[in-house]
Every structure is written in C-alpha cells, then in structure tokens.
Amino acid sequence: MDDMLKEFVVEALDLATNVEEHLLSLERNPGDMNTLNAVFRSFHTIKGGAGFMNLTAMVSACHLTENLFDALRTGQVAVTPEAIEAALEASGFVADQLTALNNGVAPDQLSTMPKSLEAMLTDAIESKGVSKKSAASVTAAPKAAPVATAVAAPAPAAAQNQDGNIDWEAYYRAVTPAGTLPEAVVETYEAPQPANIREENEAVKSSLSNADIKQNAPAKEESIRIDAVKLNVLLEVAGESVQAANQAAVLLEKLGQFKFDGQAAPLMSALTETLTRASRYSTELQRATLATRMQPVGRLFQKFPRLVRELARDLGKEVDLNITGAETEVDRVVVDSLYDPLVHMLRNALDHGIETSEERLISNKSPRSTISLKAWQEASSVMIEVSDDGKGMDAQRLRDKAISKGLINSHDARTDDEAFQLVFLPGFSTKEVASSVSGRGVGMDVVKTAVERHRGAIRIASELGKGTTFLIRLPIELSIVPTMVVRTDGASLALPMATVQRVVELPETFESVGGQPVLRDLGRPLPVKSLGKTLGYSPSSERVGIVIAAPNPYILSVDSVDGTADLVIKPLTCISTPGITGTARSAEGELVLVISLSFLIDGCKVRELMTS
C-alpha cells in the first residue's frame with residue numbers, strides 16, 4: 001500500500017467508526033441536526049478521498065448515503081428505522097472495504113457494492129415525507145418574486161406569494177390605475193438554501209475576510225502519524241537508557257564510599273551532577289515515549305453499540321448499551337488486544353445474562369434491559385467493567401456443571417466467588433446446545449487468557465435476579481510496573497504494587513485453621529501462604545509477610561523486602577511458567593522475576609493445583 005492510500009485508509013477508518021456511533025445516537029434522537037450534519041460530512045469526506053483513490057464501489061455507497069442524509073437534513077425524508085438501517089449497512093460496507101485495504105488487499109480486488117445495499121439506500125431516499133411533484137416544485141421555485149408593476153387589469157397570479165397566500169399589497173397595486181401610487185420597492189425572495197450550502201457560504205465569507213492576513217501562512221499541523229513499530233523501538237531504547245542510568249547511579253554510590261583527593265574530588269562532583277541530570281532526562285524521555293502509546297479506550301468502545309444493537313435484534317431482546325469513561329487512556333497494545341475479549345463478554349451477557357422482554361416483565365423488571373461498559377483509572381491500573389441487569393449467575397449450577405464435565409472435583413470451588421471463576425475454564429459452558437452466539441465453551445477462556453497476557457486480572461460478581469458484573473484490571477503502562485522487590489531462597493522477585501497493602505512481621509508459630517497457618521491482621525484471621533513453596537523454591541525461614549489485596553485477602557510470606565522499584569518488564573516469550581509474567585533488571589543489574597497480578601489475586605492457586 002502506498003503512503004497516500006495508507007493515510008486515506010487510517011483517516012477514513014476513524015470517520016467510519018464515528019459514523020456508526022452518530023447513527024445509533026440519531027436513532028435515539030431523530031431531531032438532532034448536529035448529528036445529521038456530522039454524518040453527512042463524514043460520508044462526504046470519505047467519498048472525496050475514495051474518489052481521488054479511484055475506489056468506485058466506496059464512492060457509489062458514500063454518494064447514495066450522502067444523498068440520503070441531504071434529504072434527511074432538508075426534511076424531505078423522515079428519520080425512520082429503515083433510513084438508519086440503510087445508513088448502518090452503508091457504513092458497514094465502507095468499513096469492510098477500508099479494513100480490507102488496511103489488511104493489504106489491492107484496490108482493484110475490492111468487492112463491488114451489493115445490489116441489496118443500493119436498493120436499501122434508494123428506497124430510503126424515495127420514501128420522502130413530501131411527494132416528488134411538490135419537492136420538484138419547491139426546487140424549481142423562482143429565486144426572485146416578480147416585481148410589482150403598474151397594470152390596468154387585475155392580475156391574480158401576481159397577487160399570490162410563494163406560500164400560496166394572497167399578497168394583498170400586490171393585489172391592491174394590480175387594480176389601482178397607473179401613476180396613482182408611489183413606486184413600489186423591489187424585494188427579492190431567495191429560496192431557502194440547504195444547510196450544507198449555507199455552511200459553505202459562511203465558511204467562504206469568513207475565510208475571505210481574513211484572506212489578506214492568512215494567505216501566506218503555512219498550513220498548521222496539529223499531529224503527525226508514526227508507525228507503531230518505530231514507537232516500540234523508541235520505548236525499548238528509552239527503557240534501556242533508564243536501566244543504564246539506574247545502574248550508573250548505584251555504581252556512583254559505591255564509588256562514594258572511597259575517599260578522593262586532589263583533582264579527583266572535583267571530577268567526582270561533576271560526575272555525580274552529570275549522572276543525576278542524565279538519570280532525570282532518561283526518565284522523562286521514557287515517560288514521554290509511553291505517553292505517545294496511550295490511547296483512550298473510547299476508540300475501542302465505539303465499535304460496540306452497533307454490535308449490541310444487531311445481536312439484540314437477532315436474539316429478539318431489547319437492550320440499551322451505556323458507555324462511560326471512554327476518555328480513560330491505556331496503552332495502545334492493550335486497546336488493540338481487548339476487542340475480542342470484550343466482544344465475548346458482551347455476547348455472553350446478551351445470550352446468557354439478559355432475559356427476554358416477557359421474562360423481565362414476569363420478574364417485575366423493565367422490558368428493556370441495560371448493559372453498562374465503564375472504564376476508569378485506579379492508581380496505576382485501568383479498570384474496565386462490563387455489567388448487566390439480567391438474571392445473574394447461579395453458583396451451585398456452575399459447580400454442578402463443572403463437576404459433571406469432569407473439570408473439577410466435588411471439593412473444589414466451595415465459595416461463590418470460586419464458582420463464578422469456573423466460567424473461565426476451557427470447555428466450560430452451561431448451554432446444552434451450541435448456538436451461533438455462544439455455547440462452545442471457548443469464549444470466556446479466551447477472555448481470561450487475553451487479560452492475563454497483559455499482566456491483568458479479571459473477577460466476577462453476580463447476584464441471582466439482579467445481574468452480573470465482570471471487572472478487568474490492567475496496568476496503564478505495559479512496559480513499566482511499580483513493584484515491591486522481595487527475596488525468597490536467595491531469589492529476587494517483584495510483586496505488583498497494585499496488590500500490596502502493607503508489610504507485617506511474622507511470628508515463629510501460627511494458629512492453624514483446617515491445617516492452614518493463619519495470622520490475625522487488624523482483627524482479621526488471614527491465611528498465610530509461602531511464596532517460595534508455592535513457586536517451587538526450597539523451604540526457608542520466611543519472617544516477613546505481605547498482605548495481599550484480593551477478593552479473599554491473605555498474607556504472602558517471604559524472606560525479606562528489598563524495597564520498591566519501577567521495573568522495565570520483559571515478557572516471557574519462549575517459556576510459560578505458572579505465576580511468572582516476565583523478567584526485569586534491578587538497579588544493581590540483578591535478574592528479577594515478576595509475579596503475575598492474576599496469580600496473586602487468585603490466591604497463588606495455580607501452582608498448588610498443579611502439584612496436588
């Protein structure tokens with residue numbers, strides 16, 4: 001794909017995404033002229049670029065849709081569900097064409113516009129609120145009313161204005177002898193101009209009024225597009241520079257233990273100042289580079305209203321999708337990888353969670369259900385919540401189903417929270433027959449795998465008859481993670497600070513509940529789990545405890561705490577180790593293993609299940 005076509009595709013995809021959002025908003029508020037004009041401008045812009053690139057099918061679809069919205073803006077066509085459906089189909093066709101181009105399909109290999117789409121748009125345009133004849137008469141109306149002249153005979157035709165009402169002044173002049181009345185003032189009547197013509201005229205007037213000032217000014221570029229690969233390389237270099245600066249600072253601190261006399265003293269002072277400045281600049285470079293990778297999750301959320309609308313229609317359910325927090329920013333890699341997981345969650349909410357209108361009425365609920373998609377920032381994490389007001393999840397039914405499928409034994413998943421987590425097991429489904437929407441037992445497994453791949457965690461809360469909530473926690477920045485560095489059996493390990501509440505001192509002996517060591521913390525009896533034993537290290541004397549913030553809090557015992565650090569994480573690519581999400585280098589250059597966030601939130605159960 002050449003650079004010009006690539007630039008067009010990127011910009012047009014943004015416009016096409018916004019079009020679907022505007023159309024669904026217009027369906028709820030048919031009289032919103034701002035939205036009508038926005039959709040018209042989007043199709044007009046895409047059509048112009050597609051014409052320049054000789055993309056005939058896209059031009060045809062945009063042109064017909066542009067005609068439809070021109071008729072909608074001028075009131076010739078009412079904003080009906082049929083018109084919105086036709087526009088959505090056109091938007092989907094244009095988006096499919098742009099996606100194909102973005103995936104490397106040659107322009108001459110694109111499909112032609114379907115006849116069904118052309119028929120839908122044509123029918124929507126033809127179903128006008130006024131007849132073609134009256135519309136034609138309005139279009140052909142003269143731009144100026146005839147000038148009243150002195151005549152001796154009545155002229156009733158001249159005494160009617162454009163509205164068909166009698167113009168009494170013109171009628172009076174028509175029957176009055178010539179020369180009796182003063183000369184009439186000539187008034188020119190112009191037919192109302194379409195909104196787009198008025199906007200263009202105003203824009204031209206505004207630009208011409210400042211032409212003498214701005215005619216020699218260069219075009220102002222507010223942003224530029226950079227290949228994501230280049231940003232990744234820049235972030236890698238920035239991370240390594242921070243790591244090198246931190247190691248240099250440690251070496252300088254060790255050198256400071258020696259005494260330097262003579263000419264060496266000012267050199268050490270200058271070296272200290274230089275390294276401090278280099279460390280500060282490298283950190284700022286890394287933060288600035290990370291900021292270039294941040295994107296609002298709204299770019300992802302915009303794709304879901306149409307998906308929910310169409311799936312709800314196929315399932316015969318009435319559903320509203322409410323989106324909040326679309327401005328929350330997260331790493332671009334996370335935004336790109338969250339699409340499939342969120343699609344699975346929305347499809348499951350629609351198919352499993354939401355009842356039909358009849359079932360909701362029986363349960364004294366509104367026949368129209370609601371799915372909420374929220375995002376917000378919490379400390380160094382981004383929280384994404386998908387909730388519905390459906391029938392909720394039956395924990396006992398989930399246990400029975402998992403046991404019948406041989407996925408767990410009768411002693412597992414004793415609490416409701418553990419039972420809800422069963423939906424993430426591969427092959428688990430409560431449906432007896434798979435449908436086109438769900439039931440094959442692969443969707444939610446994909447969700448958890450995708451979330452944990454980016455060092456995130458997912459939890460479920462549900463109440464029978466009230467609804468279900470899925471909560472995803474993800475790091476805002478994938479490359480840098482605030483951690484607490486601990487030691488066990490001589491190994492250096494890093495715990496994400498998002499799960500660390502506080503550090504406590506452990507006694508030599510513990511109370512025991514069901515064979516599990518327990519320590520009271522702030523009046524709560526919390527189980528104590530050995531990090532070294534869980535990960536397979538040799539037993540050691542662990543006298544320091546880390547209180548872990550999880551749905552079921554517990555204390556993680558370690559040998560010692562070395563402090564906190566913002567580590568540059570390198571993901572594990574060749575091997576998969578339960579509980580370990582990546583590696584990093586400490587300021588001293590030591591290799592550090594980074595513990596998975598989901599592993600800690602789940603109570604360090606992965607290794608225990610494998611060794612039991």
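Two strands count as paired if DSSP finds at least two bridges between them, and strands (E, at least two residues) and helices (H or I, at least four residues) are DSSP runs numbered from the N terminus. The model is predicted, so local features need pLDDT of at least 70 and side-chain atom pairs count only at pLDDT 80 or more, while totals for chains, interfaces and linings use all residues. Residues are numbered from 1 along each chain as its sequence is written, and side-chain values use heavy atoms, with hydrogens and water left out.

**View 1. R520 and P525 face each other across a strand pair.** R520 has P525 opposite it in β13. Strand β12 (residues 516-521) pairs with strand β13 (residues 524-530) in the antiparallel sense, over 4 bridges.

**View 2. Six strands make an open sheet with mixed pairing.** The strand order is β10-β14-β15-β13-β12-β11. β10 (500-505) and β11 (511-513) are at the edges with a single partner strand each, so one side of each has no neighbour in the sheet. From one strand to the next, the twist averages 40°; axes are lines fitted to C-alpha atoms, for helices over the stretch in contact, and angles run from 0 to 180 degrees between N-to-C directions.

**View 3. Another open sheet has 5 strands and mixed pairing.** Its order reads β2-β4-β5-β7-β6. The edge strands are β2 (319-324) and β6 (457-463); each has a single partner strand, so one side of each is left without a neighbour in the sheet. Neighbouring strands are turned by 15° against each other on average, direction ignored. Strands β5 (residues 381-388) and β7 (residues 467-475) run antiparallel and are joined by 8 bridges. I384 has I472 in β7 as its bridge partner.

**View 4. Helices α13 and α15 lie across strands of the 5-strand sheet.** Helix α13 (residues 304-315) lies across β2 and β4 (369-378), at about 165° to β2. Helix α15 lies across β2, β4, β5, β6 and β7, and runs at about 20° to β5.

**View 5. The largest nonpolar core has 49 residues.** Such a core is a set of buried Ala, Val, Leu, Ile, Met, Phe, Trp, Tyr and Cys residues joined through side-chain atoms within 4.5 Å; buried means under 20% relative accessible area (1.4 Å probe, protein chains only). F301, F304, L342, M345, I371 and I384 have the most contacts inside this core. Helix α15 (residues 339-353) gives the most to the core, with 6 residues.

**View 6. I371 and its contacts.** Not counting residues up to four places away in sequence, I371 touches residues including V319, L321, L346, L350, I354 and V386, where contact means heavy atoms within 4.5 Å.

Technical notes. Buried < 20%, exposed > 50% of the residue type's maximum accessible area, 1.4 Å probe, protein only.
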